[in-house]
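Please look over the sequence and the structure shown here, and then read the notes below on its disulfide and on one of its pockets.

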Amino acid sequence: MRSTLLHFALVALLVALSTAVQAQGAPSSPPMGDLPGDVTTLQIPAGHFVTLGFHDVRDDTRPAVDRDPYAVSTERLASLFDWLAANDWHPISLDDIEAAREGRRPLPPNAVLLSFDDGLASFYGRVFPLLRAFGYPALFAVEIGWIERVGRGDRVTAAATDPVASRLEEGAVIGGNGDAGAANEVLYNGRERGAEGFVDWDQVREMQASGLVEVASHTDDLHHGILANPQGNVEPAALTRRYDAVSGAYESDADYRRRVHADLVRSAEIIERHTGVRPRTLVWPYGATNPVTERIAREAGYRFTFSLGDQRLSTPSSGPDFGRFLVMDDPDPVAVESQVAQTVDPPRRIQRAVQVDLDYLYDPDPDQVNANLSALLDRIRAMQVRTVYLQAFADPDGDGTASALYFPNDYLPMRADLFNRVAWQLKTRAGVDVYAWLPLLAFDLPDAERQQQLAVRARGSDGKSRIADRDYRRLSPFRPAVMALVRGIYGDLARNTPGIDGILIHDDAYLAADEDAQACNPAARWPGGQRALTDCDLSARDKTRALIDFSHQAVAAAREYANLSNRFRVARNIYARVVLDPAAESRFAQALGPFLDNYDEVALMAMPYLDDADMARDDRSASRWLDDLVDQVMRQPKGLRKTVFELQAYDWARDRWIEPGRFKAWMQQLVRRGGLNLAYYPDDFITGMPAFQPTFEGMSLNEFPYSTSRLRSQP
């Protein structure tokens with residue numbers, strides 16, 4: 001055990017450092033006492049708290065150029081602790097959160113929970129003395145595998161990063177035996193660490209005995225990536241179904257759950273054996289968790305879990321999973337406050353998206369697939385968009401109906417196990433969000449007889465029904481068997497791609513005035529419920545609501561496996577005709593108002609030539625059409641905020657790309673009129689169409705900058 005005298009010396013040193021920081025100010029920021037009054041006025045709402053997540057604390061950090069962007073300097077941490085005290089922010093413990101949850105005592109004002117990950121030695125040597133000097137509590141999450149195995153001659157690779165960090169692709173799996181020359185080392189964010197880089201159990205017990213440090217699990221052996229697909233992507237072990245390259249099979253659901261559960265139990269048992277206290281808290285590696293892993297954590301006995309979820313302004317009752325702010329790039333206190341402020345008063349997020357056909361990328365030749373993927377990544381990086389709506393279904397004949405899928409599933413043929421590979425590469429290499437673009441009703445089942453039984457039906461003038469054959473071949477939303485099938489497909493998508501950021505629901509989800517006679521079938525039910533349809537003569541608004549309810553049920557199956565650290569969002573295509581003429585709801589069972597109320601984004605198909613092919617002869621008509629579209633959207637509460645104007649880059653009626661100048665002018669027109677969010681379709685990343693420069697200029701957020709006041713004034 002380290003001597004008590006050493007602790008007192010470190011405390012004295014760091015308190016002196018803290019005092020000096022208070023007097024002199026941290027580098028690149030003014031002294032805390034000289035900050036303008038309005039900079040330090042942020043108040044965390046009463047009854048709420050924020051959690052700050054830290055990793056390594058070093059004396060030699062170099063912001064912006066450091067190999068470890070998650071490290072903070074001892075000086076900056078002391079400055080932050082000083083700032084908390086000076087600005088009436090109150091560090092709390094999990095006991096405080098539990099007491100508030102049970103109604104025994106309220107949280108103090110401006111409550112903040114301090115958490116430190118990975119079991120690093122710097123927590124004992126640099127952080128713990130500061131905690132004692134200020135009397136601040138903290139949560140300390142230890143990765144058992146790194147502490148235990150580093151002394152047994154195993155070389156392991158650690159990445160204290162978020163789940164989309166590219167270095168997950170590069171490292172060996174934790175716990176794998178390395179060469180003898182590299183024994184007793186962990187490669188942690190580019191630096192080799194021996195046993196001296198991590199705490200030992202004597203130090204853990206000492207810190208726990210102080211009453212300031214609560215020991216949490218950071219898992220036993222889940223802080224690494226595992227093989228996720230045939231192409232070799234390595235993804236977070238806690239969320240990923242392991243791919244076996246020898247057998248070509250994925251880990252079963254049962255085996256996956258057993259693996260994660262056993263790890264969490266083993267971690268808790270080891271901590272209890274060394275400290276005498278079983279941990280009640282689990283901090284997920286990479287902040288990666290989903291509803292399935294949350295249930296596993298409860299079964300393993302953990303009462304609290306922490307991720308990097310979008311819900312970062314927490315209340316005691318909003319758990320048991322709490323989000324955290326990941327502290328990066330050695331920020332000064334004002335930068336930390338600013339990050340918290342964005343949750344208290346979040347900024348408007350402007351969308352720029354490209355809808356991408358995976359059919360363009362697929363090729364029977366794996367080498368050609370890689371070349372096509374490289375072209376896609378290069379183009380998306382250069383375009384600097386924020387989101388890719390990525391096709392998850394195969395539609396080689398272009399009829400819009402899914403005949404196969406690009407991910408393993410139990411319902412349709414798999415054309416290629418490709419979606420997870422491309423989505424992961426887009427996230428890690430191009431830095432974009434990825435929404436899975438998927439039909440809601442338009443699926444071609446392998447069983448033709450079953451397809452006919454479940455298909456949407458239209459009522460003829462003779463009163464008899466027949467299979468509807470307008471545009472898409474759709475399955476009925478009123479048949480429970482269809483609900484089960486589509487939920488299964490959406491669940492399989494997210495199970496095999498836990499890193500996706502959302503779903504774009506295809507434009508196949510519509511019902512015409514004479515559809516769906518399936519509602520009169522004795523087996524019919526309202527989507528997602530057991531309520532029989534006693535009156536099958538449904539109104540247009542009834543059908544609109546039914547399709548919305550059906551979509552919610554399908555998406556709920558995907559949410560079970562979606563990473564809670566992502567801002568999982570749902571967008572749905574809507575036809576422009578419905579927006580320009582609300583009476584057209586009877587032809588489509590779509591309406592802008594209900595869509596805005598039920599989805600995070602409404603992907604409005606702002607495609608003039610698709611709506612009226614004759615507009616191509618008169619550009620002024622297309623311009624007026626777009627103006628009318630913006631006017632209608634603007635009339636809806638939150639219309640501009642939630643609507644993504646999705647332009648056509650191709651003229652399908654004339655089989656040619658839209659002229660580049662015209663395409664750019666459309667984008668600029670929409671922005672000038674108040675449109676906030678833009679997307680376009682299609683994109684041929686292999687031939688480079690639409691033309692890059694005018695498209696980039698039209699999509700650029702720098703071309704038409706928005707002031708904060710203008711954004712906040714938008715409905």
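A residue is called buried when its relative accessible area is under 20%, exposed when it is over 50%, and partly exposed in between, with a 1.4 Å probe and protein chains only. This is a predicted model, in which local features need pLDDT of at least 70 and side-chain atom pairs count only at pLDDT 80 or more, while totals for chains, interfaces and linings use all residues. Residues are numbered from 1 along each chain as its sequence is written, and side-chain values use heavy atoms, with hydrogens and water left out.

**Disulfide**

- The structure holds one disulfide, a term for a pair of cysteine sulfur atoms within 2.5 Å, and Cys520 and Cys536 form it with their sulfur atoms 1.9 Å apart.
- Because the torsion about the S-S bond of Cys520 and Cys536 is about 85°, this disulfide is right-handed.
- Cys520 is partly exposed, at 37% relative accessible area, and Cys536 also counts as partly exposed, at 23%.

**Second largest pocket**

- A pocket is an open set of points on a 1 Å grid over the protein atoms alone, where a 1.4 Å probe fits, with protein on both sides within 12 Å along at least five of seven lines; lining residues have an atom within 4 Å of a point.
- The second largest pocket is lined by 34 residues, and Tyr472, Asp507, Met605, Leu610 and Tyr681 are those nearest its centre.
- This lining divides into 17 nonpolar, six polar and eleven charged residues, where Ala, Val, Leu, Ile, Met, Phe, Trp, Tyr, Cys and Pro count as nonpolar, Asp, Glu, Lys and Arg as charged, and the others, Gly among them, as polar.
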